[in-house]
Amino acid sequence: MRHSNGQRRLDHYHPATSESVDTLTTTTTGSQHTAVYAEVVEVEEYELGSDVEPAEAQGTLKLTSRRSIHSGPRRRARDETKKEIQVDDEASLRDLLISLQKQVSVMSMNLSAKLDELQRGDRHYETTVALCDIRTQLQELTKSVESCQSEVSEVKRDMVAIKHELDTVQQVKEEIEELREYVDRLEEHTHRRKLRLLEQGLTFFLSYAILAAVLGMLQFGYNTGVINAPEGNIEYFMKDVYKSRYGEDLADEEVQRLYSLAVSIFAIGGMLGGFSGGMVANRFGRKGGLLLNNVLGIGGACLMWFTKVTNSYEMLFIGRFIIGVNCGLNTSLVPMYISEIAPLNLRGGLGTVNQLAVTVGLLLSQVLGIEQFLGTNEGWPLLLGLAICPALLQLILLPICPESPRYLLITKQWEEEARKALRRLRASNQVEEDIEEMRAEERAQQAEASISMMELICSPTLRAPLVIGVVMQLSQQLSGINAVFYYSTSLFASSGLTDESAKFATIGIGAIMVGMTLVSIPLMDRTGRRTLHLYGLGGMFIFSIFITISFLIKEMIDWMSYLSVVSILSFVVFFAVGPGSIPWMITAELFSQGPRPAAMSIAVLVNWLANFLVGIGFPSMKNALENYTFLPFSVFLAIFWIFTYKKVPETKNKTFEEILAIFRHGNGRNSFRDSRLYGSMLNCVNALEGHLPVEQAGLVHGEEKGDSFGNPFDHNTEELQLFDSAYSAKNLFPSRAHSTYAFYSGT
């Protein structure tokens, strides 16, 4: 550039001006000092480093516009502007600022290159284009700076959000630790309470109540076996009645068919009574249902007693049907009542008393049925009519007994009456452990408090225990034991014994049943239900094969008839060990208070249906298969053994809600290990709920949620298991549930 006329010029490009480059020129005239702000565009082209003089430059373009301002305020404005600039030295923005500096450096280099090019240029058009290009680049630089500022703001917001999330994570971790501490306390409390429950003993009044209740099962056993011994006498009576009515003899096949009807109609009544047992239990209570049921027992016994007096075998059929309804209700109500009043550590042994009463009834009917007592043409009506005795005796004894405490507390919500009943049954005022257990069961089953049979069948959680209960009942009836009970006398006769010896062998069956049931009472709570049932089914399977073999070769070897008797008696021994008592007991144990009546109704219906099929079909099967009669029972026994081994859980010393937890967390017996925490928490919910501080939050989610959560703990199995256990406890700590669930569900 060239300086002339005593002027000093300093070129400076102002970015806010779109059309010119600012030049500050200072002129001194005498004593006056005037500042002139000039907008000057002067471009002089010449070649740098050449010998050409400035006067020989090709052309000069000059545009001058002057405005007078005072230089002092301008400087002060610039100083104030500089002071407003602050440097952000945050580490997270350093990279962005370095990038910005690089962009400014590149733009400066581009400006320098453009200025050099302008100094060498000689045309006005090229100069204008270059200036436009410079202006465009500077505008892009301004936009880039603004974009960087926006990104910096977003980064700050993200950092604040991340800090908030970290605080939430830390809060949830603290809540999980607090929940773990409370779970440990719950488990310890449950363990101590369960030990106290296991220390409860057998009191006088509890023994009295169980004795009064099992008279119903004695009724069932008596009427099951009473029809066996007087078979010939009853058939002779039917022939005599038919001949007196129609003047002709009744064919032997028809007599056999009528006798089979007298046997099987008892099972039809049992199906009806068993199916209605749940409704009766819920409407009238366990004790109330048993008291009303005795009316049917007395009526049916009277009808059978007066059969010969009225000379009508139809009255025998009606009496057997009514007494069947009575026994069906007993098989549903008695196990339910005993399982609900029995202490935890005695529930298995006291449940076996059901089967003991059945076997005593069988033995009593077999002893009274021999010819020396009532097994005669004149005495058999009285033999059948003696079924009135258990009903009358229960009608006298049972009113003193209390109603089931579980029924009073859970179904009727009468807590004070439940406490009174427990105090009488336990002979102690310390009944809080039992109340806590019942409350925990009630809480676990609130959604199923009044469940119908259709709801029970459709419930995914209850379907597995229902199937187990049904199959256990089938394993009792389709094992072939009823064929022995109903037709043992003819079986022994066909194996080669005399009629008199066959009747005494039948008495031997009853005696063995009673003895082995007494043996199994202490084993039930030591060995366990599942183990004894497996032993029983396995032994029955082996000796059913021996029975078939003895039938096949009895004609070739004389002493094989004794092997047949021994095999049948051994068959009965193993039945008494397991399948005789366990199905009745375990069906009541597999269900809690809500679905228990409906489940017992379905199970008892299936039991009586199978009982009917065996009673009505065994004579025909015996005629068709002859010596292979027990072979189908062997196949069924093998199937039931495999099912028990694979599917049936052990219920020994487990509370009702712990058994329920097995099926909530899986449909196998091995799943109980994973559900122990669940059962422990349910046991102590009622005990500790009032003592927990409000600030302690629980982890709750919806009933249908899965176990996968979109959160940082997805791979922490221990945390998720604890979370799931807290959910299963049904809103154990609800105060901060919303925020914690929102975190776990990723909302």
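Student: At roughly what angle do the axes of α4 and α10 cross?
Tutor: Take helix α4 (residues 204-225) and helix α10 (residues 313-341), whose axes come within 8 Å. Helices here are DSSP runs of H or I, at least four residues, numbered from the N terminus; axes are lines fitted to C-alpha atoms over the stretch in contact, with angles from 0 to 180 degrees between N-to-C directions. The axes cross at roughly 150°.

Student: What model is this, and how are residues numbered?
Tutor: It's a predicted model, where local features need pLDDT of at least 70, side-chain atom pairs count only at pLDDT 80 or more, and totals for chains, interfaces and linings use all residues. Side-chain values use heavy atoms, without hydrogens and water, and residues are numbered from 1 along each chain as its sequence is written.

Student: Are α4 and α10 roughly parallel or antiparallel?
Tutor: Angles under 35 degrees count as roughly parallel, over 145 as roughly antiparallel, 65 to 115 as roughly perpendicular and the rest as oblique. α4 and α10 are therefore roughly antiparallel.

Student: How much space lies in the largest cavity?
Tutor: A cavity is a set of points on a 1 Å grid over the protein atoms alone where a 1.4 Å probe fits but cannot get out; volume is the space filled by probe spheres set on the points, joined across faces, edges and corners. The structure has three cavities of 30 Å³ or more. The largest holds about 110 Å³.

Student: Which residues lie nearest the centre of the largest cavity?
Tutor: Its lining has 15 residues, each with an atom within 4 Å of a point. Nearest the centre are F220, V358, Q477, N482 and F485.

Technical notes. Helices (H or I, at least four residues) and strands (E, at least two) are DSSP runs, numbered from the N terminus. On a 1 Å grid over the protein atoms alone, a cavity is a set of points where a 1.4 Å probe fits but cannot get out, and a pocket is an open set with protein on both sides within 12 Å along at least five of seven lines; lining residues have an atom within 4 Å of a point.
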